[in-house]
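Good morning, everyone. Please look at the sequence and the structure on the screen while I talk.

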Amino acid sequence: MRRKFFTQFQNALYNNKKTHPLISTLFGGAMILPTATDLFDLSHTLAGEYLLGFDSPHEALSGIKNFITELSKTLSHDEYDEVSEGVFIAKDATVAQNVTILPPTVIGHRTEIRPGAFIRGSVLIGDDAVIGNSTEIKNAIIFDCAQLPHYNYVGDSVMGYRSHLGAGAIISNFKLDHKSVNIRSGEEKIDTGLRKFGAIVGDFTEAGCGSVIFPGTIIGRSCLIYPLSPVRGILPEKSIFHTDGQITERKDDQA
């Protein structure tokens with residue numbers, strides 16, 4: 001039923017002349033938030049079972065530190081090295097010399113951590129990912145094959161399988177008024193109670209260079225965000241977010 005509702009919502013969104021990102025997702029008078037299985041293939045992260053324990057993935061953010069600490073205890077010493085206290089890196093990962101990694105952190109197989117990266121702790125990075133030059137990450141789950149390759153900031157967020165941030169794209173996690181972050185859709189909002197919450201970004205989504213994803217944003221699978229776009233609210237899967245705020249449907253040949 002949830003999937004049918006989101007399909008109906010997307011059809012209404014794309015046919016609405018007021019194609020603004022904050023169009024309401026209402027069902028029975030209450031906002032419906034996508035679950036982890038709506039957004040992600042959970043086989044592509046060691047946090048799959050953890051994320052399944054929450055109604056919405058943003059609820060998992062406050063427990064990431066403890067989760068990674070416990071996960072570290074289960075890692076095979078044949079596959080992972082504890083390079084410093086609380087920092088576990090797969091033996092076949094590539095980590096540049098001038099990188100700062102704070103605990104607790106787990107970095108997966110064949111992942112590349114490039115020069116100047118700053119991993120501030122409470123971070124799980126999956127297999128075959130790229131964390132690039134001057135990219136900063138804290139309190140986040142990064143799925144397999146995700147790419148944050150150039151001058152990116154990702155705080156208090158979840159990045160899905162094969163998601164990608166273009167150069168200089170950032171996920172903002174803190175409001176200017178220092179109040180707790182709301183998830184907004186149209187006139188509706190949910191107060192998350194979190195002072196720091198960036199974004200939940202679905203599998204295969206791509207954000208163009210210089211785009212800014214505002215606190216409390218949820219982006220569905222296989223979305224395209226044009227360069228220099230300010231994005232907030234809930235973006236349905238297979239959407240294209242244009243720089244002027246217009247939202248259109250992503251066709252199969254654009255996937």
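The chain averages a pLDDT of 89, and 87% of the residues score at least 70. pLDDT is the predictor's confidence in each residue, from 0 to 100. This is a predicted model, so local features need pLDDT of at least 70 and side-chain atom pairs count only at pLDDT 80 or more, while totals for chains, interfaces and linings use all residues. Residues are numbered from 1 along each chain as its sequence is written, and side-chain values use heavy atoms, with hydrogens and water left out.

A contact means heavy atoms within 4.5 Å. Where pLDDT is low, the predicted coordinates should not be read in detail.

**Helix H4**

Now the inside. Helices (H or I, at least four residues) and strands (E, at least two) are DSSP runs, numbered from the N terminus. Buried means under 20% relative accessible area, exposed means over 50%, and partly exposed is in between, with a 1.4 Å probe and protein chains only.

Take helix H4, residues 64–72. Its buried residues are Ile 64, Phe 67, Ile 68, Leu 71 and Ser 72. Seen down the axis of H4, they fall within an arc of 135°, so they line one face of the helix. The arc is that of the directions from the helix axis to the C-beta atoms. What do the buried residues of H4 pack against? Their partners are helix H3 (48–52) and strands E4 (87–90), E7 (105–107), E10 (123–125) and E12 (136–142).

Next, strand E14, residues 153–159. Seven of its seven residues are buried. Two strands pair if DSSP finds at least two bridges between them. E14 pairs with E12 in the parallel sense, over six bridges. In that region, Lys 138 stands opposite Gly 155 in E14. E14 also runs parallel to strand E16 (residues 170–171), joined by two bridges. There, Val 154 stands opposite Ile 171. Another parallel partner is E19, again over two bridges. Val 158 has Ile 200 in E19 as its bridge partner.

In soluble globular proteins, nonpolar side chains tend to be buried together. Here, the largest nonpolar core has 68 residues. A nonpolar core is a set of buried Ala, Val, Leu, Ile, Met, Phe, Trp, Tyr and Cys residues joined through side-chain atoms within 4.5 Å. Among the residues with the most contacts inside this core are Ile 141 and Val 154. Which residues does Ile 141 contact, leaving aside neighbours within four places in sequence? The list includes Leu 51, Ile 64, Leu 124 and Val 158.

**Salt bridges**

Now the charges. How many salt bridges does a search of the whole structure find? It finds ten. A salt bridge is a side-chain nitrogen of Lys or Arg within 4 Å of a carboxyl oxygen of Asp or Glu.

Start with Glu 70 and Lys 73, whose closest N and O atoms are 3.1 Å apart. Glu 70 is partly exposed at 45% relative accessibility. Lys 73 is exposed at 62%.

Next come Arg 221 and Asp 203, at 3.4 Å from N to O. Arg 221 lies in the loop between strands E22 (217–219) and E23 (224–225), and Asp 203 in the loop between E19 (199–201) and E20 (206–207), so the pair ties together parts that are 18 residues apart in sequence. Arg 221 is partly exposed at 21%. Asp 203 is buried at 0%.

There is also a network of salt bridges, linking Asp 92, Arg 110 and Asp 128.

**Two single residues**

His 109 sits in the loop between E7 and strand E8 (112–113). Buried or exposed? His 109 is buried, at 14% relative accessibility. Beyond four places in sequence, His 109 touches residues including Asp 92 and Asp 128. Both of those aspartates belong to the salt-bridge network.

Last, Asn 182, in strand E17 (residues 182–185). Asn 182 is buried, with a relative accessible area of 13%. Not counting residues up to four places away in sequence, Asn 182 touches Lys 175, Lys 189, Ile 190, Asp 191, Pro 215 and Gly 216. The C-alpha atoms of Asn 182 and Arg 195 are separated by 9.3 Å, and the two residues are 13 residues apart along the chain.
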